[in-house]
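Subject: Structure handover

Hello,

Here is the structure for you to look at.

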Amino acid sequence: MQFYRQHLTLILLLIFNFVSAQEPVYRHFTNQNGLPSSEVYDVIQSEEGYLWFATNFGVVRFDGLNFRVFDKQDGLPENTIFNVQKDPSGRIWFNAFNGKLAYWDGKQIHPYKNNRQLSEYINSTGLTTTIFISYDIQRDGSILFDLYGKGLHRVKEDGSISPEKKENDACFFDLKLIENGRVLFNSPTNNTLLPRLRILNGDSTTIVQHQLCESSLINSMLIRSIHYQNTVYFSYNHQLIQISSTAGEKVYPFDYRISALKIDNQGRLWVGTINGGVFMFDDLTLKSKPVNYLKGNSISNIYFDHEDGIWISSTNNGVFYYPTLNITKFNMDSKLNANRIIDIESDSEGHIWLGLEHGYLLSVDPDQSTQLYQIDQQKEAVISFIKWDDIQKRLLIGTNIDLYYLKNGTIKSHPNTYKTHDKNQMSGFSAIMDIALNKITGDFWLGKYTGISNLTRNGDVTFMSRYETGFDERVETIEIDDRGTIWLGSLHGLWQYKNNSFYHLDSLNQLLGERITAIKAMNDTILLGTRGNGLLVLTKDSLYQYTTANGLSGNSVNSLAISPGLIFAGTNQGVSTIERKALVSKPMIQVITVTNGLTSNEVTSMYLKNNKVYVGTSEGLNIFNLASLVPPKIHFPLVITNMSVKGTSVEIQDSLEIEFEDNAIEIDYFAISFRNKGKITYRHRLIGLNDAWIENKLTSAQFPYLPPGKYVFEVSALNLSGDWNPKPTRLSFVVLKPYWQTWWFISFMIILIGSILWASYILRLRAIRRKNKMLQDIYKYQQEALIGQMNPHFLFNALNTVQRYILENDMIASSRYLSKFAGLMRKTLENSQNKVISIHNEMEALNLYLEVEAARFKNKFGYEVIAEPGFNPFTTVIPVFIIQPLVENAIWHGFMTSKRYGKLKILFVRENDGLLCRVIDNGIGREEAAKLGNNDDNQSLGISIIQKRLNLLNLNEKKKAYIHYIDLKDENGKAAGTKVVVSFPQFFIPAK
């Protein structure tokens, strides 16, 4: 019993059909995903690529990511819309429940202008329902529509309505064949007779021999018809009639009422039914048994988009989308609760084996019948891999506790024949991670938690690295190339076992020292799946890395598979396919995720057989036909969805003009791909700014502060074949020039600048003249000042003083006085040669002058001339002939009529950045002098000359020189003299 438990613990648990037939993967949209209603009546794709759905609560526009709902508030005549179709100009028309029409012009919904006349006419017929059997928008603007029991009518542009059916044709149900396989109905108006079908194809008319078995069909909505290559398919209720010019008429009964007929681009007929789902015939002869999808659903329409995706609308369960029929899935038994696929293998008899979670093993026969096993439930065995042994015709099963095998329907534990040198050391298969076949020797090699072991073609174990070499790395994956070299992926990177030695390859590149989870040998190239570093490609002399930055679906690669043309990398974010021929250049990586048909993005295992790719995921099994993975050559419709100017959306139109101050622009765009679900690479450029393309996955472009000019924005999308759309979507606009660059402003500025230049010339000319005049005035006033210094009155008085000394026989005084007078004259003449004079020279001249004047007026006044410390009197200069007239004015106007002894003080002092000269006297003051008429015209003229000279000197200076008069008062408020302050700015004081 113990032996049996050790070696026969894997028993057959169940043998039954628990997996349903393969079913294509689809996406399902309901009101939980954005549809306003799960009751959807029609679907169509616009010229821009949007899908439009007619629902019970409005129409919906879908771009692959977002639904936008339009209802009566947006212009629909009624919320319940039964039919949508395109007119010759590409507008989308909507047929409402109340019989009224509306259309979408690319920007908004507009009610049909003749809705009132249409509604009045329908009401006049007495019909209780206004649903059109069919209608068509004509190129001349008129509309043909068929009413139940009333036949075909035409609404003209002017709103007039007239029937198209003639009285003698009242018993015929006409099928008028129009473009794109569509059929326009002209229903019979005689309800008392069973109608006959009549086909109108241009000028030819064909009467069908088959007589419709129900006259009540004219009151039924379930009448459908299409035509394709001289064959017409017509359905009503449970009948499908095939009418061909070569094969005649055939009737195919259905168990369900037929609600939709469509033919796809592969020439397959799709039949939608009420409560029976959709049936697909592989050929149009209808000889093959149809495949039934979406059982139990009531189908309203079937539509094929620009990517050959299949959209099926239903009246009870929303919309179903099949990206392709070439990606199928197995639906696991809900009772099993084991959807995770651990490993996939096939045997020599064509069975597909699936290692599942919880220790389940599933066999799928070619006819899709299945057998289920459970491995060692008591020990809770977990499957890590499965491998077919073609020599012994058995399936090897690696688990976390032991190695098992299945043969002839029986599962057994595999014996381990390896003998250790240490009898106390237990041997066995434990914690097995992977297994690989050496095609040269026929031996298997096991990767384990503790190194590797072999398993000969006879089932013996002769090598265990843990005991033979001490190599006990945790080996997560193992691969053997065509030369017999064993490659090991471990927690610590890549190892190579060759010539009985182990080599760690981390010295080649640090990436080879990190965790390896999958290995595939391909000639001289080794593919390495990593946990976090993406896919590594090791060649003889290089290592290449591919991550999500290069387009890989994820950076954790769990499994690898190789076909003649493609490499498959299964990651935690889907499957990535890479072209083998471009592996080390710049390959085009295609990503397959749940949006393309995977049941889960977490890919756990992959297996290739018979041009099929078996993809195990955490949610079940997917099967791809290799042919379906060839990327289609189609280009995605690309639309510019919005343009913002300084954050505000503007209407997109031709010849758009943007003001210069609003030149911050953002353009949003979107390529419509329902398979890729927005994962698209774009490139854009702005011709007029930069002709270079910018590539990224963004759906907007920003252009801040565009200069004035004409621009053309172009954007293109990369399709799955790696080709850019040859006709990029374009948007032209103009950024207007600022007002200062417009012709009128430039003209105005030319005139203004010309005027300014002319005015400047005139002003400059006047300034030159004023300057010349100023210089003349300076010289003039300088001469006048000199004359004032040497006026005849002064000379006469001075000489009289000399004469008086001579008459008094005071030879010493006369000689001294005459010497001082001569010195004063010489000093005055010397100073007159300069524009400025140093303070030292000015003080010498003042002392000479005061000595001369004091000698004339004995004991009349005293004086002092002082230069305070703070500046250099030899280098500090002031204008010549400024101070002496003030001193003279103080003597003559202040002292001559005063009864007290005169005191005169002349003080030079540095203040801030300038120089002050203070002339202080204790004379009678200015007011008293004015009353006495003590005015000397000569002295007054001297003061006036000083002021004029200072004004001339101040013309070109920011800091001005000025004279300030202060009337001094005693403590009783009476005049006590005058203080005159002359301020000279820095201009007159050179730096030290």
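How many residues line the largest cavity, and which lie nearest its centre? Before the answer, please keep in mind that this is a predicted model. The lining consists of 15 residues, and I327, Q590, N596, S628 and R675 are those nearest the centre. The volume of this largest cavity is about 150 Å³. In total, the structure holds 4 cavities of 30 Å³ or more.

The lining can be looked at in two ways. By class, 9 of its residues are nonpolar, 5 are polar and 1 is charged. By element, strand β54 (residues 589-592) supplies the largest share, 3 residues. As background, a probe the size of a water molecule is rolled over the atoms, and this shows where empty space is left.

Next, the aromatic rings. A pair of rings is described by two values, the distance of the centres and the angle of the planes. Searching the whole structure gives 46 aromatic pairs. One of them is F62 with F67: the ring centres are 4.1 Å apart and the planes are at 10°, so this pair is stacked. Both F62 and F67 are buried.

F254 and F281 form an edge-to-face pair, because their planes are at 75°, with the ring centres 6.4 Å apart. F254 lies in the loop between β23 (248-253) and β24 (258-263), while F281 is in strand β26 (residues 278-281), so the pair ties together parts that are 27 residues apart in sequence. Are these two residues buried or exposed? F254 has a relative accessibility of 12% and therefore counts as buried. F281 is also buried, with a relative accessible area of 4%.

Ring pairs also link F29, F53, F62, F67, W311, Y321 and F674 into a cluster.

Two arginines are placed over rings. R91 lies over the face of Y103, 4.5 Å from the ring centre. The charged end of R474 sits over the ring of Y449, at 4.7 Å from its centre.

Last, the nonpolar cores. The largest has 57 residues, and F53, F94, W311, F713 and F733 have the most contacts inside it. Another core lies apart from it and has 42 residues, including L850, F871, C917 and V980.

Regards

Terms used
Residues numbered from 1 in each chain as written. Predicted model: local features only at pLDDT ≥ 70, side-chain atom pairs only at ≥ 80, totals over all residues. Heavy atoms only, no water. 1 Å grid on protein atoms, 1.4 Å probe; cavity = no way out; pocket = protein on both sides within 12 Å on 5 of 7 lines; lining within 4 Å. Points joined across faces, edges and corners; volume = space filled by probe spheres on them. Helix = DSSP H or I, 4+ residues; strand = E, 2+ residues; numbered from the N terminus. Nonpolar A, V, L, I, M, F, W, Y, C, P; charged D, E, K, R; others polar. Phe/Tyr/Trp six-rings, centres within 6.5 Å; stacked < 30°, edge-to-face > 60°. Buried < 20%, exposed > 50% of the residue type's maximum accessible area, 1.4 Å probe, protein only. Lys NZ or Arg CZ within 6 Å of the ring centre and 35° of its normal. Core = buried A, V, L, I, M, F, W, Y, C linked by side-chain atoms within 4.5 Å.
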